[in-house]
Structure formats: structure tokens, C-alpha cells
Number of protein chains: 2
Amino acid sequence: MSEIQPFQVMEIWNRAKALEAQGKHIVQMQIGEPDFTAPDPVIAACVDALKQNPIHYTSALGMPLLRSAISSHYRDRYQLDVPASRIAVTAGASGALLIAAGVLVNPGDEILMPDPAYPCNRHFVRFFEGQVKNIPVGPETQYQLTRELIEANWTEKTRGVLIASPSNPTGTMIPAHEMRAIVEVVQARGGVTIVDEIYQGLTYASGFASALAWSDRVFVVNSFSKYFSMTGWRLGWLVMPEECVREVEAFAQNAFICPSAPAQYAGLAAFGAETTRILEQRRAEFQRRRDFLLPALRDLGFSIPVTPEGAFYIYAGIERFARDSGRFAFDLLEEAGVAITPGKDFGANQAERYVRFAYTRSLSDLQEGVRRLGNFLHK
Amino acid sequence: MSEIQPFQVMEIWNRAKALEAQGKHIVQMQIGEPDFTAPDPVIAACVDALKQNPIHYTSALGMPLLRSAISSHYRDRYQLDVPASRIAVTAGASGALLIAAGVLVNPGDEILMPDPAYPCNRHFVRFFEGQVKNIPVGPETQYQLTRELIEANWTEKTRGVLIASPSNPTGTMIPAHEMRAIVEVVQARGGVTIVDEIYQGLTYASGFASALAWSDRVFVVNSFSKYFSMTGWRLGWLVMPEECVREVEAFAQNAFICPSAPAQYAGLAAFGAETTRILEQRRAEFQRRRDFLLPALRDLGFSIPVTPEGAFYIYAGIERFARDSGRFAFDLLEEAGVAITPGKDFGANQAERYVRFAYTRSLSDLQEGVRRLGNFLHK
């Protein structure tokens with residue numbers, strides 16, 4: 001536990017709240033939660049279920065109907081054949097990562113991860129006394145691991161890799177050919193590939209490639225929180241190899257009993273036509289925001305050498321303005337009322353050079369944020 | 001993972017389902033889930049919240065209103081002063097145990113537990129590479145640990161104790177004087193006491209004593225699943241010492257983000273007057289069932305030397321009928337259509353001598369079960 005750092009962004013949050021309590025207006029560009037909430041058909045499905053069904057425990061791996069719906073979603077939307085038997089419904093992506101780490105990681109096992117990365121992903125490995133080997137990545141590899149980096153860092157202690165596409169904080173994806181190469185090299189070495197695909201669906205270019213296209217032996221973590229706007233429900237899923245189903249079931253049964261049943265009923269409506277129409281409008285709105293914010297930040301002098309094509313983040317270099325992104329973020333909040341996340345929350349690799357912008361608030365908020373940034377930087 | 005055994009009761013379940021599919025009627029006395037579901041005011045509170053509130057992430061430790069409601073519940077019903085700041089809302093008792101074990105257990109730490117005990121509780125310790133020292137207990141100590149047993153088994157590797165009152169599978173409680181002695185002796189040795197109190201409220205005698213009455217340094221796991229009949233929602237709570245709040249918050253934030261928000265909204269209505277009226281009727285119904293089943297089983301020749309005064313279980317000795325409780329349970333299912341749980345699911349201490357009866361189905365079901373048991377035993 002002593003290695004689990006509090007997020008620096010929590011201090012930013014608390015200070016932003018204190019400033020708001022003083023009557024100041026803060027532009028929130030630090031929030032990793034969509035401003036949209038569950039679409040009406042999802043809410044309606046949950047309300048109907050609450051009125052009609054007794055809410056009992058479900059199977060540890062989730063309601064069969066929901067597992068089938070996720071399987072159909074892979075087929076209909078991504079032309080991927082992922083049988084329901086290989087899908088476990090979980091308490092958010094957090095639950096999926098906890099189960100994957102619990103089943104796969106033994107004390108001393110080493111897991112390769114890129115730096116920067118979403119910090120919780122590291123912590124799941126540490127919970128089970130695994131070691132994370134953070135591999136510095138930069139714009140030359142889209143801030144992602146590659147086959148070469150994995151080969152160069154693999155040792156006899158290495159159990160596998162944990163990667164994310166699209167990535168938080170960088171918004172970048174692993175190209176299809178590279179994803180395939182990673183899956184193959186890890187498999188050839190007898191390791192395990194775990195891929196965080198929780199931003200699947202929130203992409204603004206054609207480059208998304210699920211690891212599931214290349215192997216039925218990978219573990220894929222997914223979520224209803226981002227594309228489906230169902231954060232507070234805590235609903236996600238894990239795709240696993242067929243031979244791990246019994247072990248995953250035993251772990252899930254013991255550690256969770258089951259995911260929250262009302263959330264599962266709601267999830268059944270997440271793939272319907274009307275829901276999809278709403279979600280695609282939202283995706284277009286995220287894209288409009290990115291298309292505004294990305295050139296605006298570049299114009300202000302932030303260095304963003306790789307165009308982020310997914311999620312709702314921009315990972316921006318501040319080397320033209322400051323040397324310490326933590327200090328920069330706190331000064332920006334105090335002096336200009338704009339909240340962002342310092343790079344330190346995502347790792348140690350040149351973290352002081354980077355900050356993360358989230359475009360999870362309205363276009364007008366983002367416009368105001370950019371205006372304030374301009375004044376702050378050129379005052 | 002290799003040490004986590006599948007529950008034998010799952011085989012009983014599967015076989016019972018197969019028999020039902022053949023048209024046979026099975027009396028279910030193996031189920032650890034109440035037949036009652038969430039009271040109407042709880043459902044209504046959730047429906048209202050879904051219609052009125054966007055369902056966002058909540059604080060990692062739960063909604064402040066719900067933490068306060070649990071604190072008030074302790075004060076109003078048990079005359080215990082447990083400030084909301086020491087209460088974390090969790091994804092069921094499972095989530096509370098996972099957090100407690102994650103924060104407290106380091107590899108090699110030894111946790112003392114009674115045998116028999118609820119098997120998942122052991123597994124949470126193992127998840128984090130702790131060791132469980134199973135201490136055989138019998139009727140002479142109400143199938144519970146005592147101060148003497150703890151003192152006799154404490155070594156320099158011991159980190160603390162994990163006990164349950166009322167207990168699953170025995171339905172027995174730790175008397176107040178003994179609970180106090182346990183808390184004090186563990187504290188004197190610098191250890192930690194974790195108490196599973198998930199059956200609090202479901203007691204049929206005046207002997208219930210929360211460990212919280214004796215110390216504000218204990219960890220107490222509780223749940224909305226049993227007394228509050230909210231199984232599928234996955235909502236529970238953890239009471240912790242004040243000095244552990246930040247560490248628990250960091251672990252909960254990383255491992256769960258937050259408990260499911262719709263369940264939390266529902267939980268806000270769990271302590272209202274109308275809900276309490278409904279729940280007390282149900283408690284009385286459980287007591288009626290116990291008051292029927294306990295003497296009936298004793299009359300049939302099962303040995304039940306300690307009267308179970310809580311939860312909804314009777315742990316019964318079969319030494320007059322058979323030597324192998326697993327075989328006994330399977331034969332009973334095949335020949336008489338009665339499903340029960342073999343002792344092996346709860347540990348290794350004379351497990352072959354015991355079976356667990358659950359009275360989670362109607363009185364008429366229990367009457368039919370007893371009739372079939374009589375025919376089976378005396379054929």
C-alpha cells in the first residue's frame with residue numbers, strides 16, 4: 001500500500017472546489033468522466049427491471065443475456081467473433097482489472113507497461129505483489145509500447161504486458177500491425193497480453209484495432225463508463241481465453257459474488273438502436289471538442305506531436321512555458337481558474353514536461369479555458 | 001488461485017437444477033440468499049433517483065448522505081457512536097473484505113480464523129498472499145474463537161483475527177464478554193480485529209454484541225444483503241479506525257472507483273420507518289422458520305448442541321446417520337429431493353460430520369423438507 005500514491009489531480013480538485021466556494025469560476029479540464037450520463041433507454045430499462053424483477057444475485061460472470069449482448073456487439077460493430085462464454089461482466093473496468101490481475105499475477109511476476117499510463121492499472125499489478133516494469137515511451141511510438149520495446153525489455157521474470165488503446169492520458173492508439181505484432185511476440189514467449197480497451201467506440205479516426213482481432217488468448221478489459229456514459233453504475237467486462245473461464249469464475253465468485261444487478265439490467269439496453277443513435281451523437285460532439293481544442297493548444301505553443309485519435313484526452317508538452325508541470329498546473333488554477341492534470345499522475349517518464357487536458361466539458365467551457373490559457377501564458 | 005476450491009454446494013446446485021429439469025421437485029435448503037427482495041421503499045428510492053439524478057461516480061468511500069445514514073443507524077438501533085468519517089460504503093461485504101485485506105494483509109502475514117467459517121473470508125486473505133491459520137472450534141465455544149484460543153495460537157507472524165458474529169455456517173454469536181476479551185487481547189498484541197457482522201439485525205435472542213462497542217480500532221464488515229434483503233445490488237460497508245481512512249480511501253479509489261451509485265441511492269431508503277417495519281416482519285418470519293426447523297431436526301436425530309441465534313443457518317451433526325457429509329448430501333438430494341450444503345465447504349475441521357441447513361425458503365417448504373428427511377433417514 002505504501003507505494004500507492006494519491007493522485008496529484010485530487011489536490012487540484014480540492015483546490016478547485018475551494019476556489020469555487022470563494023465564488024471563483026473554474027474551467028474543469030481535469031475530469032476523466034464524460035459530462036453525458038446514461039442515455040434515456042438505459043435508465044428506462046433499469047427502472048422497468050426494478051419494477052418487474054426481484055433483484056437477486058446473478059451468476060458470478062454476469063447475466064447470460066448481457067454476456068450475449070456484449071458478444072453480439074463485438075460481432076455487429078467490430079466484426080469480431082467473441083463468444084459469450086469468454087465474456088465476464090464485471091464491476092466496471094476496475095473489477096475486470098482486479099480479476100485479471102488476481103488470476104494472472106503471482107508475487108514477483110513482472111508486467112511490462114508503458115510510461116505514461118493510467119495509474120490505477122499499475123496498482124492492480126501491485127495489489128497482488130507483482131512488479132511493474134515501466135517502459136518510457138514517447139511520440140516516436142505514439143506513446144505506446146511496440147514489439148521492439150517488449151522484446152528489448154522481456155526477461156525471465158516477465159509474465160506479460162498491460163497496454164491500453166486508446167490510451168489515457170495520451171489519447172493515442174496502437175496501430176493494427178503493431179497490435180498484431182505485440183500479441184504475437186508475447187504469445188510466442190508464453191506471456192499474457194492484457195489490453196485496456198475502455199475507450200473503444202470513442203475514436204475519431206479509422207485506426208482502432210482490438211487485440212481480439214489477432215488472438216483468442218488475450219485478456220481485454222472494457223467498460224460501460226466511457227462510450228456508453230455509464231460511469232456511476234460500475235459496469236464493465238473482461239474478455240478472457242476459454243481455458244481461463246473457470247478460474248476467472250472462481251475468483252469473481254469469491255471476490256465480488258456478482259456485478260450489481262440493477263446496473264446489469266441497465267446494460268441490456270446499452271446496445272439498442274436508439275441508445276446507439278444517442279451515443280453516436282455524443283461521439284461526434286467529443287470529436288468537435290477535440291477538433292477545437294487540439295489546434296487551439298498547438299497554436300498556444302503546447303507541443304502535441306502525435307494527434308490523439310481516441311478517448312477524450314490531450315497529452316501536451318509544456319516545455320516552451322515551464323519546467324515543472326505540477327507547479328504549472330497549480331499556477332494555472334490559481335491565476336487563471338483552469339484545472340488540468342499534471343503529468344506526474346501518469347508516471348515518471350518526463351512527467352514534469354507534460355500535462356493532460358480532458359475535453360469532457362462543453363465546447364463553450366473549452367473556449368473559455370483556451371482564452372484563459374492564452375492570457376495566462378502571454379501575460 | 002490453485003488453493004481456491006470450488007464450493008461443493010455448486011455441484012449440489014447444478015445437480016438440483018438438472019433434477020428439476022427432469023420434472024422433480026427439490027426442496028432448497030442450501031441457499032444463502034434470503035427469499036425476500038428489497039422492500040418497496042428501497043426500490044422506489046432507486047427509481048426516483050434514476051429519474052431525477054444523473055448517475056455519476058460518487059466519492060470512493062460512498063455518498064456522504066449514505067455514510068451518515070449508516071452512522072445514524074448505529075446510534076439509533078445499537079446505541080453505538082460510529083462517526084460517518086469511519087464508514088466506507090462498499091461493493092457488498094465482498095468489497096469491504098477485499099479492501100480490509102488489501103490494506104491490512106502483507107505476504108506471509110498470518111490471520112487467525114475459526115474452522116468452520118464462510119469460505120470466501122479465507123480467500124480474501126489468500127488473495128493478498130496472507131496465510132490463514134484455521135483454528136478448529138466446536139460446540140464448547142459456540143463454534144467461535146475465544147480469547148484463550150487466540151492467545152494459544154498467536155505467533156510473531158500473526159497479524160490479527162477474522163471472526164464472524166453471527167456466524168455462517170453455524171448461526172452462533174460471540175457473547176459480549178468474549179467479544180470484548182478478543183478485541184482487547186488482539187489490541188494488546190498490536191494486532192488487528194476484523195469482524196464480519198453481515199448478519200447483524202438477523203438475530204433471535206438478545207445476545208448480539210458488535211465489536212464496535214468495545215473499540216474504535218476494529219474493522220467491521222457489514223452488508224445490505226441479509227437483514228436489508230438487498231443481495232443483487234452489491235452494497236455493504238466497512239467500519240475502520242480513523243487513522244486508516246486515507247489508506248482505505250486510496251485502495252477503494254484504485255480498486256473500485258466507487259460502489260454502484262444506483263445501489264447507493266437505494267440504500268438511502270434502507271433505514272426508513274416503513275422499510276424497518278417490513279424488515280422486522282421478515283426477521284420475525286425467519287425466527288418462525290428457525291423455531292420450526294431447529295426442534296424438527298433435533299427430533300430427527302441431528303445433533304445441534306448449540307442453539308443458533310442468528311443468520312439463517314443451522315449447522316447440524318450427522319454422526320447418527322452417516323460418516324461422510326458430502327455423500328450424505330448427494331444421497332439426500334438424489335433420493336429425497338432435498339438440497340443442503342456439506343460441511344466441507346466451510347473448512348476441514350470434522351467437516352465430514354456436519355451439514356448446513358439454510359432456512360431461506362418458506363415454512364411450507366421447510367415442512368416438506370423435514371417430511372422428506374424423515375422418510376430418507378428412517379426408510
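## Overall fold

Chain A has twelve helices and twelve strands. Here helices are DSSP runs of H or I with at least four residues, strands are runs of E with at least two, and both are numbered from the N terminus. The radius of gyration of chain A is 21 Å, close to the 21 Å from the globule rule for 379 residues, so chain A is as compact as a globular protein of that length. That radius is taken over C-alpha atoms, and the rule is 2.2 Å times the number of residues to the power 0.38.

This is a predicted model, in which local features need pLDDT of at least 70, side-chain atom pairs count only at pLDDT 80 or more, and totals for chains, interfaces and linings use all residues. Residues are numbered from 1 along each chain as its sequence is written, while chains are lettered from A and ligands numbered from 1 in the order in which they are written.

Along the principal axes, the C-alpha atoms of chain A fill a box of roughly 60 × 55 × 40 Å. Of the 379 residues in chain A, 53% are buried. Buried means 20 or more other C-beta atoms within 10 Å of the residue's own; exposed means 12 or fewer, and partly exposed lies in between, with C-beta atoms placed from the backbone. Among contacts in chain A with a separation of 6 or more, 73% join residues 24 or more positions apart. A contact needs C-beta atoms, placed from the backbone, within 7 Å.

## Chain contact and symmetry

In chain B, 43 residues are in contact with 43 residues of chain A. Helices H2 (40–52), H4 (92–104), H5 (119–127), H8 (245–256) and H9 (261–267) of chain B each give two or more residues to this side. H8(B) supplies the largest share, six residues. By class, the chain B side holds 28 nonpolar, eleven polar and four charged residues. Nonpolar covers Ala, Val, Leu, Ile, Met, Phe, Trp, Tyr, Cys and Pro; charged covers Asp, Glu, Lys and Arg; the others, Gly among them, are polar.

A rotation of 180° with 0.0 Å of shift along its axis superposes chain B on chain A, at RMSD 0.0 Å. That is the relation of a two-fold axis. The same surface serves both copies: 100% of the contact residues of chain B recur in chain A.

## A helix pair

Helices H10 (273–300) and H12 (363–377) of chain B pack at about 5°, with axes 10 Å apart. H10(B) is therefore roughly parallel to H12(B), a label for angles under 35 degrees. Their contact has nine nonpolar, one polar and two charged residues.

Most residues other than glycine have a negative phi, and most peptide bonds are trans. Ile257(B) has a positive phi of about 65°. It sits in the loop between H8 and H9 of chain B. Ile257(B) is buried, with 23 other C-beta atoms within 10 Å. Gln350(B) also has a positive phi, near 55°. With 15 C-beta neighbours inside 10 Å, Gln350(B) is partly exposed.

A cis peptide bond joins Asp115(B) and Pro116(B), with omega about 15°. Pro116(B) lies in the loop between strand E3 (110–115) and H5 of chain B. Another cis bond joins Ser165(B) and Pro166(B), with omega about -10°.

Terms used:
Two residues are in contact if their C-beta atoms, placed from the backbone, lie within 7 Å. Axes are lines fitted to C-alpha atoms, for helices over the stretch in contact, and angles run from 0 to 180 degrees between N-to-C directions. Angles under 35 degrees count as roughly parallel, over 145 as roughly antiparallel, 65 to 115 as roughly perpendicular and the rest as oblique. Copies are superposed by least squares on the C-alpha atoms of residues with pLDDT of at least 70 in both.
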